[in-house]
Amino acid sequence: MTPPEAPVNGSSSQGMRPPAVSVCPKTSGQMQVLAKRADFLKAARACKQGTSSMLLQARKRPEGEAEGIRIGFTCSKKVGNAVARNRAKRRLREAARAVLLAQGKPGWDYVLIGKKADTIARPFPLLISDLEYALRKLHR
């Protein structure tokens, strides 16, 4: 009896999953990521809309400050350890790619804030519908 072949690079044939890839269109320069704390603080003083899985903060920027849609993501330690926070931010990032390119308004800053356990546990279609709902409420 011959032993089975060893898997290549330590992977097994059982339980193989495809790599995580975004199914949404890539950002084409229309969306920029917020990086400065001052931009997050400005958004925090503006409009807010909560949903069961996230909090959306949005502000209309003054003319000439920046172009396009700018977006930021944050999760506090209440969401969990670093692994949980990063997972929540990845889910928010994918939801933003799916929704904000189509429904976001140029000249606005958006900050998506993850909620404890809800952002990770919520099914992705419901996460997207939560973001669409929050955008509708903020832009009316």
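Rings of Phe, Tyr and Trp (its six-membered ring) pair if their centres lie within 6.5 Å, and planes under 30 degrees apart count as stacked, over 60 as edge-to-face and the rest as tilted. This is a predicted model, where local features need pLDDT of at least 70, side-chain atom pairs count only at pLDDT 80 or more, and totals for chains, interfaces and linings use all residues. Residues are numbered from 1 along each chain as its sequence is written, and side-chain values use heavy atoms, with hydrogens and water left out.

**View 1. The aromatic pair, W108 and Y110.** Searching the whole structure turns up one aromatic pair. The ring centres of W108 and Y110 sit 6.3 Å apart with the planes at 15°, so this one goes down as stacked. W108 has 12% relative accessibility and so counts as buried (under 20% relative accessible area; exposed is over 50%, partly exposed in between, with a 1.4 Å probe and protein chains only). Y110 comes in at 0%, so it is buried too.

**View 2. R93 over F73.** Here R93 lies over the face of F73, 5.5 Å from the ring centre. The test for a charge over a ring is NZ of Lys or CZ of Arg within 6 Å of the ring centre and within 35 degrees of the ring normal.

**View 3. The largest nonpolar core.** A nonpolar core is a set of buried Ala, Val, Leu, Ile, Met, Phe, Trp, Tyr and Cys residues joined through side-chain atoms within 4.5 Å. The largest has 26 residues, and L56, I71, L100, Y110, L112 and L131 have the most contacts inside it. Helix 2 (82-103) is among the elements that supply at least two residues each, and helix 2 gives the most, with seven. (Helices are DSSP runs of H or I, at least four residues; strands are runs of E, at least two; both are numbered from the N terminus.) Zoom in on L100: leaving out residues up to four places away in sequence, L100 touches M31, I69, I71, Y110 and L135 (contact means heavy atoms within 4.5 Å).

View 4. Strands 1 and 4 run parallel, joined by three bridges; Q32 has R70 of strand 4 as its bridge partner.

How values were computed:
Two strands pair if DSSP finds at least two bridges between them.
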